[in-house]
Amino acid sequence: MMTTAYLSIGTNIGEREQNLQDAVKLLIAHKTISVTAISSIYETAAVGYTDQADFLNIAVALEMELDAYELLAECQKIENDLGRVREFRWGPRIIDLDILLYGQQQYETEKLIIPHPRMYERAFVLVPLEEIMTQNYDMLVGVQKALHALDIEKEGVNL
Ligand SMILES: Nc1nc2nc(S)n(CCO)c2c(=O)[nH]1
């Protein structure tokens, strides 16, 4: 069953825009992941551990058959492929892929907490996420207007 997932991707070391491009290219190249939306790039002051360089952040929407643990493994593989080393937890990073949402599903395990526990308090996550979700919302409004114009009884639709 296809599931929609949303990632936050950040970088504050090296060629930051190139790092984002490389991460998105690796997601696009993945055989069983479709990238369906990519936000604009936002330059953001570091939160949490603030004594570090500004980040570039984006949000992306994905469609996939993978389960959330497989998606987590793919994100960690991309971070490793792009040379991420974990000096300390909140430190600077070449690339960071965080799973924000995985369909309507919820996880709270050692390895995986979804929805991401800090996503609703971080503007660097919410602003790019709102941008790509609004694209879908605008399309939804178009569909709803068309349905209204047809003035059909929804019950008449054979499911
Ligand atoms: N602005 C900003 N601050 C951050 N602090 C951490 S940790 N990170 C890494 C993601 O959790 C970021 C980030 O991506 N952007």
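The legends below describe a predicted model, in which local features need pLDDT of at least 70 and side-chain atom pairs count only at pLDDT 80 or more, whereas totals for chains, interfaces and linings use all residues. Residues are numbered from 1 along each chain as its sequence is written, and side-chain values use heavy atoms, with hydrogens and water left out.

**View 1. The protein chain as a whole, with three helices and seven strands.** Read along the sequence, these elements follow the pattern β-α-β-β-β-α-β-β-β-α, and the C-alpha trace spans about 60 × 30 × 30 Å along its principal axes. The mean pLDDT (the predictor's confidence in each residue, from 0 to 100) is 93, with 96% of the residues reaching 70 or more, and the model scores ipTM 0.98 and pTM 0.90. Of the 159 residues, 37% count as buried, a term that stands for under 20% relative accessible area, with exposed meaning over 50% and partly exposed lying in between (1.4 Å probe, protein chains only). Contacts, defined by heavy atoms within 4.5 Å, are made by residues 24 or more positions apart in 68% of the cases with a separation of 6 or more. The chain exposes about 9,800 Å², of which carbon and sulfur atoms supply 54%, the areas coming from the Shrake-Rupley method with a 1.4 Å probe and, for residues, with only the protein chains shown counting as cover.

View 2. Just after H3, Asp151 takes a positive phi of about 50 degrees.

**View 3. The cis peptide bond that joins Ile114 and Pro115.** Omega at this bond is about 5 degrees, and Pro115 lies in the loop between strand E7 (113–114) and H3.

**View 4. Two glutamates, Glu79 in helix H2 (residues 68–81) and Glu17 in helix H1 (residues 16–29).** Glu79 is buried, with a relative accessible area of 3%, and touches Arg84, Arg86, Ile95, Asp96 and Leu97 when residues up to four places away in sequence are not counted. Glu17, by contrast, is partly exposed at a relative accessible area of 46%. Leaving aside neighbours within four places in sequence, Glu17 is in contact with Ile41 and Leu56; the C-alpha atoms of Glu17 and Leu56 are separated by 7.3 Å, although these residues are 39 apart along the chain.

**View 5. Trp90 in the loop between H2 and E5.** Trp90 counts as partly exposed, at 38% relative accessibility, and touches Tyr49, Gln52, Arg118 and Arg122, residues up to four places away in sequence not being counted. Trp90 and Tyr49 are 41 residues apart in sequence, while their C-alpha atoms lie 5.8 Å apart in space.

**View 6. Ile13 in the loop between E1 and H1.** With a relative accessibility of 33%, Ile13 counts as partly exposed, and, leaving aside neighbours within four places in sequence, Ile13 is in contact with Asn19, Pro92, Arg93 and Ile94. Lys111, which is 98 residues from Ile13 in sequence, is 25 Å away in space, C-alpha to C-alpha.

**View 7. His30 in the loop between H1 and E2.** Once neighbours within four places in sequence are left aside, His30 is in contact with Leu66 and Glu74. Thr50 is 20 residues from His30 along the chain, and the C-alpha atoms of the pair are separated by 33 Å.

Notes: Helix = DSSP H or I, 4+ residues; strand = E, 2+ residues; numbered from the N terminus.
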